[in-house]
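Open the model in your viewer and keep the selection panel at hand. The stops below go from whole chains to single residues.

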Amino acid sequence: MSTAQALAEAAQPIHPPPTSFWRQYVFSIDHKVIGKQFLWAGLLFLLVGGTLAMLIRWQWAFPYRPVPVLGQVFLGKSGGVIGPATYQQIFTTHGLVMIFFAVTPVLIGCFGNFLIPLMIGARDMAFPKLNMYSFWTFLLSQLLVLASFLTDLGSAGAGWTTSPPLSTNVGTPGLGQTLVVAAIFVTGVSSTMGAINYVTTVIRLRAPGMGYMRLPLTIWGIWLTAILNALFVPVLGSAALLLLLDRNFGTQFFVAGASAVRGGGDPILFQHLFWIFGHPEVYILILPAWGILGDVLPFFARKPHHWYKGTVLAMVIVTVLSAMVYGHHMFMTGMSPLLGEGFMLFTLLISAPSMVVVLNWVLTLWRGSLRFDTPMLFALATMFVFGVGGLTGLFLADISMDLYLHDTMFVVGHFHFTMAAASFLAAMTGIYFWFPKIFGRKLDERLGKAHFWFTFVGITLVFGGQLLAGYAGQQRRLFDPFQYTFIQQLRGLNRWTSFFAFALFAGQFIFVWNFFKTLFGKVASAGANPWEVTTLEWTATGTPPPFHNFDRIPEVVRGPHEFSNPEVRRLTGRDFAGQAEVLPGGGERGLAAAKG
Amino acid sequence: MTALGAGRAALALAVLMAGAALAAPAPEAGYGLPRDVSVDGFRIDELIHFTLAAITVIFVVVAAVMIWSFVNHRRDRPAFYSHGTGRSIGVVVGGVAVILVGVDGYLFVHTLGDIHGYFWNFPRAEAAEGAVRIEVNAHQWSWNARYAGADGKFGTPDDIVSVDDLRVPVGVPVIVQLASTDVIHSMYLPNFRVKQDAVPGTITRLTFQAKVPGEYEIACAQHCGPNHYKMRGVLTVLAADAFRQWLAEAGDDARRGYDPEDAEAHWGWEWRRLEP
């Protein structure tokens, strides 16, 4: 054991695993259990958010007609028909549930928790108890959202951006909106706790030899996301708190115009607070996705990541720029042209690092030895939808084109391709890829591929349909779009898009089936390293990992993507070398020479 | 019928149909951009078409490289060991630089020209001979409009006030000052390619110039409550003479119908002039 390893062992001694049921499975401080808890909570709300999406699609396909099945269950009072007030609650909560309560817990809560200690070679998070509090706070915020549906006037209806004065009592009275704003605040507290934990863990608990330039890209993505969360979620929290004061204690931070008493405040102030969080939020959701792709693509192309340092640099630049572009959400609020131009410039510039990331992926695939397992298929689909989402962003970065496209379905299609499709498909990439590590078994490949094709084709058609509708001018959030003459001709398009959405939703049950079948059926153990990859969670510990993760804290000797190195093949007969693997017979020098 | 005859017949039919389409604006057809009936809308359409072409080229090139890789670089073939060579990194940096300058740079420069020259150039619109000024008060869920009337002053008895019904002439700039009494709305004129939020507590501006007479829609683009979808108005573009006539008659009617007791109708403000 080296000195560095001995020091790491001394700093992180092995604790005995808990024995009581409550400590083991419920109030656990084990990052692996907390990761699983976030996964369950997130997947459950993914179903809630997806169901809400189906209701929206039903409304656009068949306005004023009773919703089959779901309508009888949830909308009994109106005979199953969605009314305008119900409709605004449906699209508002769809957005909030998906962003804060479904994708965030899966991508950041589950993968962040489960993977950070295992991939950097640590025994647990830096603050295991804070980690537990983070989950239970998060669960409270989910319960607040569910409770909001049971109030007299129903849930929140002011849109996911919760812009005042609509979100104040001027536009949306009732307890439902208050509960949801409170839920945003509470989930912000949870995210901040998680973020501080992640940032600290990556800085302090990397195994000996795990320098920043040897970190798996997944960890880079999650770490940068955690930094953004720590910086900007508190801003969202303060905006939510001020909004709660406006709603319940008679202040007027965000109320102006005729409803204001003695001058009032400024609704635009809220938008600044919201979007200086809200745009980094886009990257909060996409950086872990980029990170996962940054590892999964080289793993299944059996090739080192192309220009690893370039990708890391690009991700850092995106993180820095992410808060300097937010004004493009507010181009139409009457902001100073000079300010608008500044935001436009930064928004156009942020496309450069994003393109570096994507081109590096393409060159990672180039001349690889591609293995099309399910995680790889999902990773490639993520590349595709992120490409479409990123390219359509060019229209919206630009003030001139925004004059026409702002607040249309084009925006909806664009951010669904990036935030929804890319982060969802990346989450699926991660779930298929790490499932054997999390649960010890591999998901069924045949069902996985069926799920993949349903999802990939479905997502492209649904969000492509939204882009088309927006290109023709259809505004977002219309209860009945066909009130307008100029979008009459889009009736067929909207209906077809809805049919594709229903198919997409139905296809997800293949995944649910696969998930439970693998978890509870008779499936053989996946073994320690089923994908033949390099990172510590696969090469330095067993499946599933013990409570203390590593019997001995590994000493890392190389980067995360050492694939198809001829020297490694000569020494081991394999095409990969684990990050902490010591090659036989002084292989290190030969390796360095081959790499040089 | 000869080929020439068929061609002539087709041409005549096309002209006839085009004429009919111009005379009575019908609902849009197809999935393209709505018909542009403004003087400056083509600037936006041109940028949209440029961007569409550029991203199509980028997408096709990258997808072609990937598909080539899927077909030819299968698992039965050993991978080429490389963390990236100077040349391959050069391809990435060079590719990004070309797109950044050629596409992003093009958009940035053209947009600066467009917004300073036209879309947000309010001093130019204000200075134009015969420019039409309208105050619009957006509220849940309609557009109240106010014209200054013959005296050119807002907030006087000859102000013409209407609901969800704006009228403008062709060929001169129209300047709209927007206010809102309750929540944020957004005035969206799809056929003119413009949009502007109406924000409580401030007055925002919108300018455009109509080219083709007809009836077009005013849409609300910002979620503003349950009946957001019903916040629809009609913008009628009239020939210059017809507009003058309407303005005079409506102004006379307004003066005759003026009710000093009706506080609800007196929401106008003194026109805010912008310093150039």
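The model is predicted: local features need pLDDT of at least 70, side-chain atom pairs count only at pLDDT 80 or more, and totals for chains, interfaces and linings use all residues. Residues are numbered from 1 along each chain as its sequence is written, while chains are lettered from A and ligands numbered from 1 in the order in which they are written.

**Chain A, whole**

Select chain A and colour by secondary structure. The chain has 20 helices and zero strands; helices (H or I, at least four residues) and strands (E, at least two) are DSSP runs, numbered from the N terminus. Along the principal axes, the C-alpha atoms of chain A fill a box of roughly 80 × 55 × 45 Å.

Of the 596 residues of chain A, 62% count as buried. A residue is buried if 20 or more other C-beta atoms lie within 10 Å of its own, exposed if 12 or fewer, and partly exposed in between, with C-beta atoms placed from the backbone. Among contacts in chain A with a separation of 6 or more, 80% join residues 24 or more positions apart; two residues are in contact if their C-beta atoms, placed from the backbone, lie within 7 Å.

**Stops in chain A**

Select A:Arg65, in the loop between helix H3 (31–61) and helix H4 (70–74) of chain A. A:Arg65 counts as partly exposed because it has 13 C-beta neighbours inside 10 Å.

Next, take helix H15 (residues 409–439) of chain A, which has a kink of about 45° at A:Phe433, shortly before the proline A:Pro436. The bend at a residue is the angle between axes fitted to the seven residues ending there and the seven starting there. Since 29 of its 31 residues are buried, H15(A) is largely enclosed by the rest of the structure. A:Gly440 follows H15(A) and has a positive phi, near 80°.

**Chain B**

Now select chain B. Its domain assignment gives domain 1 (41–76 + 88–119) and domain 2 (130–258); such bounds come from an automatic or database domain assignment. The centres of the two domains of chain B, taken over C-alpha atoms, are 38 Å apart.

Show the five strands of the open, mixed sheet of chain B, in the order E4-E10-E9-E6-E7. Strands E4 (165–169) and E7 (194–198) of chain B are the edges, each pairing on one side only. Two strands pair if DSSP finds at least two bridges between them. Strand E9 (residues 214–220) and strand E10 (residues 233–238) of chain B pair in the antiparallel sense over five bridges. In this pair, B:Tyr216 stands opposite B:Leu235 in E10(B).

**Where the chains meet**

Finally, show both chains. In chain B, 80 residues are in contact with 81 residues of chain A. The elements of chain B that give two or more residues to this side are helix H2 (41–72), helix H3 (86–119), strand E6 (185–189), E7 and E9. H3(B) gives the largest share, 16 residues.
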